[in-house]
Amino acid sequence: MTIINRSLSEGSVPDTMKQALVVPLLKKPTLDREILKNYRPVSNLSFLSKVLERVVAARLNAYMKANNLHDMLQSAYKSGHSTETALLKIQCYLRSMVDNHGAAILVLLDLSAAFDTVDHDILLNRMRHTLGITGTALKWFRSYLSGRVQRVVINGQKSITKPLNCGVPQGSVLGPLLFLIYILPLSELFRESVIHHHGFADDKQVYMALQWKSFHLQNQLHELEHKLSGINTWLHNNMLIANPDKYDVMVVGTKQTLDNLDIRSIEVAGITLTFSSVPIRNLGVLFDPLLSMESHVKSVIRSTSFHLRSIGIVRRQLTAESAKLLTQSIVLSRLDYCNSCLAGVSEAALDRLQLVQNRAARIVTRTKMSDHITPVLDSLHWLPVRQRIVYKLLLLAFKCFHGLAPQYLNDLVQHYSPPRSLRSESKYLLSTNRYRLETFGGRSFKCYVPALWNSLPQSLCEVDSVETFKKNLKTFLFKKHFSV
């Protein structure tokens, strides 16, 4: 504690805390190990330096939150924000725009080594003029960024020490937050624009409504191209490397709209980007042009089935409790990842996911295929797939109701206020929203979730603690399903 207090009071970081051992990790198992760009350089730092960074990060976060300095549409490294909340916001917008205008366009940007190209002078200037950090605090950050060195470790062999003249260390506590500060001005490009954006660390996406029947369709596309070119220019001026040729572009709409659409591509930085007719991976979730989520369901089934086969091979060597923990961490976690995006998905898709969970339960309990599965799920205290999706959506609804969710989700739902004094006024209700298409507007967060929430017993809605609500909600869903 003395070392940390002295570092903060003097605005200096000891050189021993600025030495990193970089361990290259392959981004995906399927990538070529001979290509260097397929590796992510993760920095291993000393324990004491991470403790110091954690203290500074907590204070910096508190300062930015108190002064409303965070980018509200940046979902990484912030309490209550996640890839799931980000995807729900984007998915809700796309569904609503298709419901209202017939189509929407989504562009996923691609940056190379974003954390490694951060310019220290630009970052410090950003902290001073954008965040208002001066004096000893700014001196501390200047000391933190300067004089950093690193060595690469491969198979136990260490390279020579090299200075780190730019970038923020991946694997550090403070690095991600500094990167978010670095890209704060990027959100200004979208102020008062019909084009929207959302970010999760260096994953940036841009989307807009596409009024495809309008005479101004080409003007809309030109505006999007102009905005994307402006983004590329900003990234270039701030030493960040964009890869327009790797941008994913997709038009979302009904089948009739997509069949009648005249345009097939846009042009960015002299590169023609063709609209994707196949699903694109967005923060780990597959989005298809119809937003049916069928491709994502198939992907989840493939990955979970692979892991279930592996668990089945070693099941005899595991205790029942070990098998349960292993299955929950590897299989059920994949079934639950962003499962709120599956709201309103087809019954056939839900049935296929349920078969995966049934198989997992049989492997854990070593139950025969001929035995009824309901008592097995009951004994494991596992909610079925449908109820797991409902559970996640209602938990988010509770957080929105109490203002605990990200602001961009809170804004999608409103408390119900009757036009005149009614008995329903005292109830814990959310306003329902009208929609035109069941498969788009009806499945959007702002339409689907209020209807779910309003169907709950009032005694459950009146709970004011998140933990109590989670416990009571699971009990309610569990009893409702297994008592049938």
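In the predicted model, Arg6 and Glu10 form a salt bridge (a side-chain nitrogen of Lys or Arg within 4 Å of a carboxyl oxygen of Asp or Glu), with the closest N and O atoms 2.9 Å apart. Both residues belong to helix H1 (residues 2-10) and are four residues apart, about one turn of the helix; helices (H or I, at least four residues) and strands (E, at least two) are DSSP runs, numbered from the N terminus. Arg6 counts as exposed at 55% relative accessibility, whereas Glu10, at 39%, counts as partly exposed. Here buried means under 20% relative accessible area, exposed over 50%, and partly exposed in between (1.4 Å probe, protein chains only). Residues are numbered from 1 along each chain as its sequence is written, and side-chain values use heavy atoms, with hydrogens and water left out. Because the model is predicted, local features need pLDDT of at least 70 and side-chain atom pairs count only at pLDDT 80 or more, while totals for chains, interfaces and linings use all residues.

The structure holds ten salt bridges. Among them, Lys255 and Asp259 meet at 3.2 Å, N to O; these two residues are four residues apart in helix H8 (residues 255-260), and are therefore separated by about one helical turn. In helix H17 (residues 466-482), Lys470 and Glu467 lie three residues apart, and the closest N and O atoms of their salt bridge are 3.8 Å apart. Glu347, Asp351 and Arg386 are linked in a network of salt bridges.

An open sheet of four strands has the order S8-S9-S3-S11, with antiparallel pairing; two strands pair if DSSP finds at least two bridges between them. Strands S8 (196-200) and S11 (248-253) stand at the edges, each with a single partner strand, so one side of each is left without a neighbour in the sheet. Strand S3 (residues 103-108) is joined to strand S9 (residues 203-209) by five bridges, and Ile105 stands opposite Met208 in S9. Helix H7 (residues 217-237) packs on the sheet, touching S3 and S9, where contact means heavy atoms within 4.5 Å.

The largest nonpolar core comprises 83 residues, of which Leu94, Phe287, Leu409, Phe445, Trp453 and Phe469 touch the most other members. Such a core is a set of buried Ala, Val, Leu, Ile, Met, Phe, Trp, Tyr and Cys residues joined through side-chain atoms within 4.5 Å. Helix H13 (residues 385-401) gives the most to this core, with eleven residues. A second, separate core of 64 residues includes Met17, Ala103, Leu123 and Val168.

Conventions: Axes are lines fitted to C-alpha atoms, for helices over the stretch in contact, and angles run from 0 to 180 degrees between N-to-C directions.
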